[in-house]
Amino acid sequence: MTREELRAVLDSVTVVDAQSPARYGQRHLPGALNLVAGDSEEHVTGALADATGPVVVYSTDADCRRAPELAARLEALGYADVRIYDGGIEDWAAAGLAIERPRAVTLELSDLALGPTAFLFEGFPRAGVDVSIFVTRTPPGRAVELHVHPYAETFLLLAGRGRWTRGEETVELEPEGMLVVPPDTPHGFRNVGDVPLLVVSVHERGTLRQTWLGVDPA
(Lines give C-alpha, C1' and ligand atoms only; values in the text may rest on other atoms or scores of the structure.)
Protein backbone atom coordinates (compact mmCIF):
# COMPACT_ATOMS: atom_id res chain seq x y z
CA MET A 1 0.00 0.00 0.00
CA THR A 2 1.30 3.46 -0.89
CA ARG A 3 1.11 6.62 1.20
CA GLU A 4 -1.63 8.11 -0.96
CA GLU A 5 -3.66 4.90 -0.82
CA LEU A 6 -3.46 4.92 2.97
CA ARG A 7 -4.42 8.59 3.17
CA ALA A 8 -7.53 7.85 1.11
CA VAL A 9 -8.77 5.16 3.52
CA LEU A 10 -7.24 6.31 6.81
CA ASP A 11 -10.59 6.86 8.51
CA SER A 12 -11.99 3.47 7.48
CA VAL A 13 -9.15 1.10 8.43
CA THR A 14 -7.40 0.11 11.64
CA VAL A 15 -3.79 1.28 11.48
CA VAL A 16 -1.24 -0.73 13.45
CA ASP A 17 2.30 0.42 14.22
CA ALA A 18 4.71 -2.53 14.41
CA GLN A 19 7.63 -0.52 15.80
CA SER A 20 8.94 -1.19 19.29
CA PRO A 21 6.89 0.45 22.06
CA ALA A 22 9.70 2.95 22.66
CA ARG A 23 9.76 4.09 19.02
CA TYR A 24 5.98 4.14 18.88
CA GLY A 25 6.04 6.43 21.91
CA GLN A 26 8.30 8.88 20.08
CA ARG A 27 6.05 9.25 17.04
CA HIS A 28 3.36 7.32 15.19
CA LEU A 29 0.58 7.79 12.64
CA PRO A 30 -2.62 9.40 13.96
CA GLY A 31 -4.80 6.87 15.74
CA ALA A 32 -2.39 3.98 15.24
CA LEU A 33 -2.35 1.07 17.68
CA ASN A 34 0.94 -0.52 18.72
CA LEU A 35 1.41 -4.28 18.34
CA VAL A 36 4.48 -6.41 17.67
CA ALA A 37 4.77 -9.89 16.21
CA GLY A 38 5.74 -11.33 19.60
CA ASP A 39 2.59 -10.16 21.40
CA SER A 40 0.39 -12.84 22.92
CA GLU A 41 -2.72 -13.97 21.07
CA GLU A 42 -4.81 -12.67 23.97
CA HIS A 43 -3.35 -9.18 23.65
CA VAL A 44 -3.64 -9.09 19.85
CA THR A 45 -7.26 -10.22 19.80
CA GLY A 46 -8.08 -7.83 22.64
CA ALA A 47 -6.64 -4.90 20.69
CA LEU A 48 -8.13 -6.00 17.35
CA ALA A 49 -11.53 -7.44 18.17
CA ASP A 50 -12.83 -7.44 14.57
CA ALA A 51 -11.00 -10.12 12.59
CA THR A 52 -12.90 -9.24 9.40
CA GLY A 53 -12.18 -5.49 9.25
CA PRO A 54 -9.35 -3.99 7.17
CA VAL A 55 -6.01 -3.61 8.98
CA VAL A 56 -2.98 -1.68 7.70
CA VAL A 57 0.38 -2.43 9.29
CA TYR A 58 3.49 -0.25 9.04
CA SER A 59 6.88 0.05 10.70
CA THR A 60 9.92 2.27 10.13
CA ASP A 61 10.50 2.01 6.36
CA ALA A 62 10.52 -0.46 3.49
CA ASP A 63 13.65 -2.19 4.82
CA CYS A 64 12.20 -2.89 8.26
CA ARG A 65 10.93 -6.46 8.74
CA ARG A 66 8.65 -5.68 11.68
CA ALA A 67 5.58 -4.86 9.56
CA PRO A 68 5.74 -8.01 7.37
CA GLU A 69 6.33 -10.17 10.46
CA LEU A 70 3.35 -8.67 12.26
CA ALA A 71 1.17 -8.93 9.15
CA ALA A 72 2.04 -12.63 8.87
CA ARG A 73 1.18 -13.13 12.55
CA LEU A 74 -2.19 -11.44 12.13
CA GLU A 75 -3.02 -13.56 9.10
CA ALA A 76 -2.06 -16.70 11.03
CA LEU A 77 -4.49 -15.64 13.75
CA GLY A 78 -7.30 -15.41 11.22
CA TYR A 79 -7.41 -11.71 10.30
CA ALA A 80 -8.89 -11.63 6.83
CA ASP A 81 -7.82 -8.27 5.40
CA VAL A 82 -4.26 -7.28 6.34
CA ARG A 83 -2.25 -4.86 4.22
CA ILE A 84 1.22 -3.33 4.64
CA TYR A 85 2.14 0.32 4.22
CA ASP A 86 5.67 -0.27 2.95
CA GLY A 87 6.98 3.29 3.30
CA GLY A 88 6.31 3.36 7.01
CA ILE A 89 6.67 6.27 9.38
CA GLU A 90 9.70 7.64 7.52
CA ASP A 91 7.74 7.99 4.29
CA TRP A 92 4.75 9.53 6.10
CA ALA A 93 6.93 12.06 7.94
CA ALA A 94 8.91 12.96 4.82
CA ALA A 95 5.65 14.05 3.18
CA GLY A 96 4.96 16.46 6.04
CA LEU A 97 1.83 14.63 7.16
CA ALA A 98 0.46 14.75 10.69
CA ILE A 99 2.21 12.60 13.29
CA GLU A 100 1.27 12.02 16.91
CA ARG A 101 4.03 12.77 19.45
CA PRO A 102 4.28 13.21 23.22
CA ARG A 103 2.33 16.32 24.19
CA ALA A 104 2.00 18.57 27.22
CA VAL A 105 -1.09 17.91 29.35
CA THR A 106 -2.27 18.99 32.80
CA LEU A 107 -4.59 16.68 34.73
CA GLU A 108 -6.24 16.30 38.11
CA LEU A 109 -6.36 12.93 39.84
CA SER A 110 -10.14 13.06 39.55
CA ASP A 111 -9.76 13.08 35.75
CA LEU A 112 -8.23 9.60 35.99
CA ALA A 113 -10.76 7.90 38.26
CA LEU A 114 -11.73 4.33 37.42
CA GLY A 115 -13.83 4.19 40.59
CA PRO A 116 -13.66 5.41 44.19
CA THR A 117 -10.32 3.67 44.96
CA ALA A 118 -8.38 3.50 41.67
CA PHE A 119 -6.98 6.08 39.26
CA LEU A 120 -5.15 5.36 36.01
CA PHE A 121 -2.98 7.59 33.85
CA GLU A 122 -2.49 5.63 30.63
CA GLY A 123 0.33 7.42 28.85
CA PHE A 124 -0.26 6.87 25.14
CA PRO A 125 -3.91 7.94 24.93
CA ARG A 126 -3.54 10.68 27.53
CA ALA A 127 -0.30 12.33 26.42
CA GLY A 128 1.50 10.19 23.87
CA VAL A 129 4.12 9.09 26.43
CA ASP A 130 5.48 5.60 27.02
CA VAL A 131 4.58 5.19 30.69
CA SER A 132 1.43 4.55 32.71
CA ILE A 133 0.69 5.23 36.39
CA PHE A 134 -1.82 3.69 38.77
CA VAL A 135 -2.83 5.32 42.06
CA THR A 136 -4.82 3.06 44.38
CA ARG A 137 -6.37 3.46 47.82
CA THR A 138 -6.99 -0.05 49.17
CA PRO A 139 -9.10 -0.32 52.36
CA PRO A 140 -7.84 -2.38 55.35
CA GLY A 141 -8.15 -6.11 54.76
CA ARG A 142 -8.67 -5.74 51.00
CA ALA A 143 -6.31 -7.06 48.33
CA VAL A 144 -5.42 -6.81 44.64
CA GLU A 145 -5.31 -10.32 43.15
CA LEU A 146 -2.29 -11.74 41.39
CA HIS A 147 -1.68 -10.63 37.83
CA VAL A 148 1.18 -10.27 35.33
CA HIS A 149 2.47 -7.65 32.88
CA PRO A 150 4.89 -8.11 29.95
CA TYR A 151 6.93 -5.22 31.38
CA ALA A 152 8.31 -4.20 34.78
CA GLU A 153 6.21 -2.38 37.39
CA THR A 154 7.55 -0.23 40.23
CA PHE A 155 5.51 0.38 43.39
CA LEU A 156 5.85 3.25 45.87
CA LEU A 157 3.88 2.97 49.11
CA LEU A 158 2.86 6.37 50.48
CA ALA A 159 0.58 5.41 53.37
CA GLY A 160 -0.42 2.28 55.29
CA ARG A 161 1.22 -1.12 55.58
CA GLY A 162 1.09 -3.62 52.73
CA ARG A 163 2.23 -7.13 51.94
CA TRP A 164 3.21 -7.89 48.36
CA THR A 165 3.40 -11.27 46.71
CA ARG A 166 6.12 -11.17 44.04
CA GLY A 167 6.63 -14.51 42.36
CA GLU A 168 7.45 -16.98 45.12
CA GLU A 169 8.32 -14.37 47.76
CA THR A 170 6.39 -12.01 50.00
CA VAL A 171 7.59 -8.52 50.90
CA GLU A 172 6.10 -6.15 53.47
CA LEU A 173 6.33 -2.39 52.90
CA GLU A 174 5.78 0.62 55.10
CA PRO A 175 5.41 4.24 53.94
CA GLU A 176 8.16 5.36 51.52
CA GLY A 177 9.04 1.74 50.73
CA MET A 178 9.52 0.79 47.08
CA LEU A 179 9.34 -2.51 45.24
CA VAL A 180 10.14 -3.48 41.64
CA VAL A 181 8.42 -6.42 39.93
CA PRO A 182 10.17 -7.83 36.81
CA PRO A 183 8.21 -8.56 33.62
CA ASP A 184 5.93 -11.63 33.54
CA THR A 185 6.16 -12.11 37.33
CA PRO A 186 2.90 -12.86 39.18
CA HIS A 187 2.26 -10.20 41.81
CA GLY A 188 -0.42 -8.60 43.94
CA PHE A 189 -0.73 -6.98 47.33
CA ARG A 190 -2.83 -6.88 50.47
CA ASN A 191 -3.51 -4.14 53.00
CA VAL A 192 -2.33 -5.62 56.32
CA GLY A 193 -2.65 -2.38 58.28
CA ASP A 194 -5.55 -0.46 59.79
CA VAL A 195 -5.61 2.55 57.44
CA PRO A 196 -6.14 2.72 53.64
CA LEU A 197 -3.13 1.68 51.60
CA LEU A 198 -2.06 4.52 49.27
CA VAL A 199 0.05 3.13 46.44
CA VAL A 200 1.54 4.65 43.29
CA SER A 201 2.70 2.16 40.66
CA VAL A 202 4.57 2.92 37.46
CA HIS A 203 4.07 0.70 34.39
CA GLU A 204 6.79 0.78 31.73
CA ARG A 205 4.33 1.05 28.84
CA GLY A 206 2.03 3.76 27.58
CA THR A 207 -0.81 1.27 27.24
CA LEU A 208 -1.78 -0.85 30.24
CA ARG A 209 -1.36 -4.57 29.66
CA GLN A 210 -2.19 -7.01 32.42
CA THR A 211 -3.55 -10.52 32.79
CA TRP A 212 -5.45 -11.42 35.95
CA LEU A 213 -4.68 -14.85 37.42
CA GLY A 214 -7.68 -15.24 39.73
CA VAL A 215 -5.50 -15.91 42.80
CA ASP A 216 -5.34 -13.83 45.95
CA PRO A 217 -1.96 -12.64 47.29
CA ALA A 218 -0.55 -13.96 50.56
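**Group meeting: a buried serine and some aromatic pairs**

Okay, let's start with Ser-201, which sits in strand E13, residues 197-203 (strands, E, are DSSP runs of at least two residues and helices, H or I, of at least four, numbered from the N terminus). This is a predicted model, so local features need pLDDT of at least 70 and side-chain atom pairs 80 or more, while totals for chains, interfaces and linings use all residues. Residues are numbered from 1 along each chain as its sequence is written, and side-chain values use heavy atoms, with hydrogens and water left out.

So, is Ser-201 buried or exposed? It counts as buried, because its relative accessibility is 4% (buried is under 20% relative accessible area, exposed over 50%, partly exposed in between, with a 1.4 Å probe and protein chains only). Leaving out residues up to four places away in sequence, Ser-201 touches Glu-153 and Phe-155, among others (contact means heavy atoms within 4.5 Å).

Tyr-24 is in helix H2 and Phe-124 in helix H6, 100 residues apart, and both are buried.

Phe-155 and Phe-189 are edge-to-face too, at 6.0 Å and 75°. Phe-155 is in strand E8 and Phe-189 in strand E12, so this pair ties together parts 34 residues apart in sequence. Ring pairs also bring in Trp-164, making a cluster with Phe-155 and Phe-189.

How values were computed:
Phe/Tyr/Trp six-rings, centres within 6.5 Å; stacked < 30°, edge-to-face > 60°.
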